[in-house]
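Visitor: I have a structure to look at today. Can you walk me through it?

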Amino acid sequence: MNETVGRRERKKAQTRQALADAAGRLFLEHGYENVGVRDVAEAADVSVTTLFKHFPSKEALVFDEDEDVEAALVAAVRDRAAGQSVLHALRDHLLATRATRRIDDPDMIAHLNLVRRTPELQEYWDRMWRRHEFALAAAIAEAAGVPEGDLGAAALARFALDTTSLIRGQDDQQQAMRDLFTLLETGFGDVGTATSQASHASADAAASGGGH
């Protein structure tokens, strides 16, 4: 039974990946507006019905990691190590998943350019990240034992996710991420002073082996 389920899950994952790969290739080659879901389904050798079983919309084909990203964010909070703060758990998770991406990766650049030049995809991107933000805020509130919708939990979720765009273009994305989380932990105060303190604190931690 487990072997059968395993094969079925692998087949689903392969089909989903084939659809995402086909969509990415066709959108980049012909333009998002000039490719329909039927074109993507045919390129992946599946039916349109099968396509919609894996992706609820054409826009979703561009963001095939959407559900996994959200689940991982929530898990970073809920499954954090005993004694680890929510803030540090989020920092470590984002350092590992968002601050390690090469800014000169041609595939990433092509993907970002596709999203930026396509209004429908930009709108979907914004809605997707707001949905991640709400899910993360709910997990933070649960971890803190406060009601869902708590302002502090919502603020932490938003600020944490915003670090991923703020570090874009920085030469050392990991150090930039550490600096931003140090600011979140210690408070902004006077921004110039706080930024300097954050940089020194992160550098000292890295030098002593305390940085993650």
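Visitor: How many aromatic pairs does the structure hold?

Guide: There are 4 aromatic pairs. Keep in mind that this is a predicted model.

Visitor: Take Phe-63 and Tyr-124. Why is that pair called stacked?

Guide: Their ring centres are 5.3 Å apart and their planes sit at 10°, so the pair is stacked. Planes under 30 degrees apart count as stacked.

Visitor: Where do Phe-63 and Tyr-124 lie?

Guide: Phe-63 is in the loop between α3 (48–54) and α4 (66–78). Tyr-124 is in helix α7 (residues 119–144). The pair therefore ties together parts that are 61 residues apart in sequence.

Visitor: Phe-63, buried or exposed?

Guide: Phe-63 is buried, at 6% relative accessible area. Tyr-124 counts as buried too, with 12% relative accessibility.

Visitor: Which residues do ring pairs link into a cluster?

Guide: Phe-63, Tyr-124, Trp-125 and Trp-129.

Visitor: New topic, helices. At what angle do the axes of α5 and α9 cross?

Guide: Roughly 165°. The axes of α5 (residues 86–97) and α9 (residues 173–186) come within 10 Å. The two helices are therefore roughly antiparallel to each other.

Visitor: Is that crossing left-handed or right-handed?

Guide: The crossing of α5 and α9 is right-handed.

Visitor: Which residues make the contact?

Guide: From α5, Leu-87, His-88, Leu-90, Arg-91, Leu-94 and Leu-95. From α9, Gln-174, Met-177, Arg-178, Phe-181, Leu-184 and Glu-185.

Visitor: And by class, what does the contact of α5 with α9 have?

Guide: It has 7 nonpolar, 2 polar and 3 charged residues.

How values were computed
Residues numbered from 1 in each chain as written. Predicted model: local features only at pLDDT ≥ 70, side-chain atom pairs only at ≥ 80, totals over all residues. Heavy atoms only, no water. Axes fitted to C-alpha atoms, helices over the stretch in contact; angles between N-to-C directions. Helix = DSSP H or I, 4+ residues; strand = E, 2+ residues; numbered from the N terminus. Parallel < 35°, antiparallel > 145°, perpendicular 65-115°, else oblique. Left-handed = near helix turned anticlockwise from the far one by under 90°. Contact = heavy atoms within 4.5 Å. Nonpolar A, V, L, I, M, F, W, Y, C, P; charged D, E, K, R; others polar. Phe/Tyr/Trp six-rings, centres within 6.5 Å; stacked < 30°, edge-to-face > 60°. Buried < 20%, exposed > 50% of the residue type's maximum accessible area, 1.4 Å probe, protein only.
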